Amino acid sequence: IRKQQNQIEKISGCYPVLVVDELRLSQRNALIQSDFAFVVPNHQIYIPNMIMNLTEKDVVKKEYDSYFSVQAQVLFIYMLLNRVKETNARQLSNQLPLSVATINRALNELVDRELIYTVGNNTRKAYKSIAKKLFWEKGKEFLFNPVSRVYYVKNRPYEFLMSNELALTRLSWSLNYSTMSYYAASNKEIAEMEASNFIDRYNLFDDSFYTIEQFKYDPKILSDSNYIDVISLFAQFKDHKDERIQMALDEIMGDVLNVEDNWD
């Protein structure tokens, strides 16, 4: 290994790092004694010639734009809907179809956005949410519309969740008008649909079609009903100018989340 290391450094001018799935204790100690850099993904990292200031959080914050990353939005929604006050990456990975590494990145983003904070040490580190009302008020500003693309189909998609205006009119008492039929689907569900199911709505002579919204995340992992979760629904309409829409949003957010009630 040392000979290969020297060859790589000589040819590339770069310092090689050994990446392995697992290491025995004796192997790990031998590598450390030899100052050989190595990484065991999700477990251990040893790079003796690298200098990193882990306290400069402002540098990390600048990497985020004005909206959540996809994984951070999923985590924010999940924590709010399930009233999660304290958790860790391992617990969340057992509850969501996301890897521990992905969840750790999302948790770090929520920390940098000052929505959660860490407690404990590295071996028993946990994440605690700020007060529920503040968690919602600060976090909702980072929500993005989860729809990445829209499709149209002739047959009603019973396996998909209702979304957009269809979900809002069904969930709200204050909004009552005719609307198009909107349904949400994940990237995987769209890919599995037969090409013959899709139509060009502009070639139709009537409005007898259904709108499929392709979400940037799987909407089913956040909902236990026939509708998309109310936070994703809020994200679809948060910048809508219609006062009736905003009244309906206030209604469903108050009824379902009880945002006035603090969890501290």
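Buried here means under 20% relative accessible area, exposed means over 50%, and partly exposed is in between, with a 1.4 Å probe and protein chains only. Asn 164 sits in helix α8, residues 164-171. It has a positive phi of about 55° although it is not a glycine. For background, most residues other than glycine have a negative phi.

Before going on, a word on where this comes from. This is a predicted model, in which local features need pLDDT of at least 70 and side-chain atom pairs count only at pLDDT 80 or more, while totals for chains, interfaces and linings use all residues. Residues are numbered from 1 along each chain as its sequence is written, and side-chain values use heavy atoms, with hydrogens and water left out.

Arg 83 also has a positive phi without being a glycine, in this case about 50°. You will find Arg 83 in the loop between α4 (70-81) and β4 (86-87). Is Arg 83 buried or partly exposed? With 40% relative accessibility, Arg 83 counts as partly exposed.

Now the whole chain. It has eleven helices and ten strands; these are DSSP runs, with helices being H or I of at least four residues and strands being E of at least two, numbered from the N terminus. Of its 264 residues, 40% count as buried. Taking contacts between residues at least 6 apart in sequence, 65% join residues at least 24 apart, where contact means heavy atoms within 4.5 Å. The accessible surface is about 16200 Å², and 48% of that belongs to carbon and sulfur atoms; the areas come from the Shrake-Rupley method with a 1.4 Å probe.

On to the rings. How many aromatic pairs does the structure hold? There are nine aromatic pairs. Rings of Phe, Tyr and Trp (its six-membered ring) pair if their centres lie within 6.5 Å, and planes under 30 degrees apart count as stacked, over 60 as edge-to-face and the rest as tilted. Trp 136 and Phe 234 make an edge-to-face pair, 5.1 Å centre to centre with 70° between the planes. Trp 136 is in helix α7 (residues 132-139) and Phe 234 in helix α10 (residues 230-237), so this pair ties together parts that are 98 residues apart in sequence. Both Trp 136 and Phe 234 are buried. Phe 215 and Tyr 217 have ring centres 5.9 Å apart and planes at 85°, so they are edge-to-face too. Phe 215 and Tyr 217 are buried as well.

Ring pairs also link Phe 68, Phe 76, Phe 135 and Phe 142 into a cluster. Over the ring of Phe 142 sits the charged end of Arg 113, 4.5 Å from the ring centre.

Last stop, the largest pocket. About 820 Å³ of space lies in it. Its lining has 19 residues, and Asn 42, His 43, Val 100, Ala 101 and Asn 104 lie nearest its centre. Which helix gives the largest share of the lining? That is α6, with five residues.

Val 100 lies in helix α6. Leaving aside neighbours within four places in sequence, Val 100 is in contact with Ala 89, Arg 90 and Ser 93. The C-alpha atoms of Val 100 and Arg 90 are separated by 6.1 Å, and the two residues are ten apart along the chain.

Terms used:
Lys NZ or Arg CZ within 6 Å of the ring centre and 35° of its normal. 1 Å grid on protein atoms, 1.4 Å probe; cavity = no way out; pocket = protein on both sides within 12 Å on 5 of 7 lines; lining within 4 Å. Points joined across faces, edges and corners; volume = space filled by probe spheres on them.
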